[in-house]
Every structure is written in C-alpha cells, then in structure tokens.
Amino acid sequence: MINHGLVTAPLPVASVAPPTASTDTAGSGSSSATTTSTTAPPGTASTAAAQVLALINQARAQAGLPALATSSGLDTSALGHTMVMAAGCGLSHQCPGEPALGARETAAGVAWTSAGENIGEGGPEPNTTSDIAAMAVGLTQAMLNEKPPDDGHRLNILSTSFHHIGIYVLRDASGTVWMTQDFSN
C-alpha cells in the first residue's frame with residue numbers, strides 16, 4: 001500500500017493504486033502494525049535504502065535529471081516518521097501529535113524551501129534483508145509506474161526542485177515493511 005506523495009512545494013498531490021497494492025486516498029492511514037521489530041537482520045535498513053536510492057537515481061538519470069544526494073538530516077526525518085507509522089499510526093503523512101513534514105525536516109537540521117515525502121507499506125514479508133529490500137524497491141517501482149494525473153509519488157521522485165533525499169525502511173514484528181522517502185531542495 002502506498003499513500004499519495006506529499007509536498008510542501010508547488011507540486012500537485014495525487015494518489016494511485018499500483019497494480020499490487022491499494023492506496024489510502026484519504027490519508028487516514030492503516031493500523032495493521034503496532035510494534036516495530038528489533039530482530040531485523042543487521043544492515044537491513046541501509047541495504048534497502050541503498051537499493052531504493054539506486055532505483056530512484058536510475059529513473060532520474062533516464063529523465064535527464066541529476067542524482068539525488070543523501071542527507072543525514074533527511075535520513076533522520078524519514079527514520080522518525082517510519083517509526084511513528086509502524087508503531088501504530090499506520091500509513092499517514094502526519095500522525096496524531098506528530099509535527100508536519102516541514103517541521104520534522106527542520107527539527108532534523110534540514111534547511112529547506114521545498115520539501116516532499118513519499119510513504120509506503122507492504123507485506124507481510126519474511127525477516128530477511130533481501131525480502132525487505134525487494135518490498136521497498138517494489139513500492140518505489142510502483143510509485144515510478146504511476147500515470148498522470150495520479151502520479152504524486154513519481155512527481156516527487158522526478159522533481160527538479162529536489163536535490164536531497166532521506167530514506168528509511170523498517171519491517172515490523174508482523175512482517176509489514178514501512179518506508180519513508182523525504183525530499184528537500
């Protein structure tokens with residue numbers, strides 16, 4: 001399941017159901033997960049994030065755009081939001097009591113004038129690095145396969161306004177894989 005791309009810039013917001021997932025068009029989220037796994041294989045988050053980044057930058061190169069650079073501040077923002085979603089909020093760009101995207105990025109030390117976010121979840125998946133990474137890559141590919149006018153994720157990934165990205169991927173105890181991609185200029 002992926003949620004519409006959220007932007008705090010002039011890009012449109014849209015939602016689409018990819019072929020293998022349903023979409024939360026209301027943005028109210030899903031509550032399928034209640035705890036986060038502490039038994040994921042070592043390096044899972046970084047391995048999955050690296051594969052997602054490679055796919056994103058490959059798509060950007062094919063579109064004639066420069067690669068996105070990783071940002072430790074955006075990684076921190078993405079990690080925090082992924083943990084909140086997986087802890088029970090569900091698939092949502094802003095969970096109850098959580099600051100909005102821009103405030104989260106600022107709190108993580110990111111100076112921005114244009115910000116965006118893609119989120120997704122899927123599974124259940126086995127607790128292996130390769131399965132978790134494959135789900136994260138699959139969610140990202142579904143985002144890239146979106147068609148106008150429902151292509152908010154794709155527009156975030158291919159935005160000329162964004163130059164930096166932070167990605168965090170997590171598998172919770174029930175096997176659901178959660179992903180946040182945070183963007184800034």
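This is a predicted model: local features need pLDDT of at least 70, side-chain atom pairs count only at pLDDT 80 or more; totals for chains, interfaces and linings use all residues.
1. Start with helix α2, which runs over residues 72-89 and has 18 residues. From its first C-alpha to its last, α2 reaches 24 Å, close to the 26 Å expected at 1.5 Å a residue.

2. Next, see which parts of α2 are tucked away. The buried residues are G73, L74, S77, A78, H81, T82, M85, A86 and C89. What covers them includes α3 (101-107) along with the strands β3 (115-122), β4 (164-171) and β5 (177-184).

3. Now look at where the helix ends. Just after α2 comes G90, with a positive phi of about 90°. C89, one of the buried residues of α2, forms a disulfide with C95, and their sulfur atoms are 1.9 Å apart. A search of the whole structure turns up one disulfide. The link of C89 and C95 is left-handed, with -90° about the S-S bond, and both cysteines are buried.

4. Then take a look at β5. Eight of its eight residues are buried, so β5 is largely enclosed by the rest of the structure. Both faces are covered: V177, M179, Q181 and F183 lie on one side, with W178, T180, D182 and S184 on the other.

5. Which strands pair with β5? β3 does, in the antiparallel sense over eight bridges, and G116 has F183 as its bridge partner in β5. β4 also pairs with β5 in the antiparallel sense over eight bridges; here I167 has Q181 as its partner.

6. Last, check the turn. The hairpin of β4 and β5 has five residues between the strands, and in it G175 takes a positive phi near 100°.

Conventions. Residues are numbered from 1 along each chain as its sequence is written. Side-chain values use heavy atoms; hydrogens and water are left out. Helices (H or I, at least four residues) and strands (E, at least two) are DSSP runs, numbered from the N terminus. The expected span of a helix is 1.5 Å times one less than its number of residues. Buried means under 20% relative accessible area, exposed over 50%, partly exposed in between (1.4 Å probe, protein chains only). Contact means heavy atoms within 4.5 Å. A disulfide is a pair of cysteine sulfur atoms within 2.5 Å. Two strands pair if DSSP finds at least two bridges between them.
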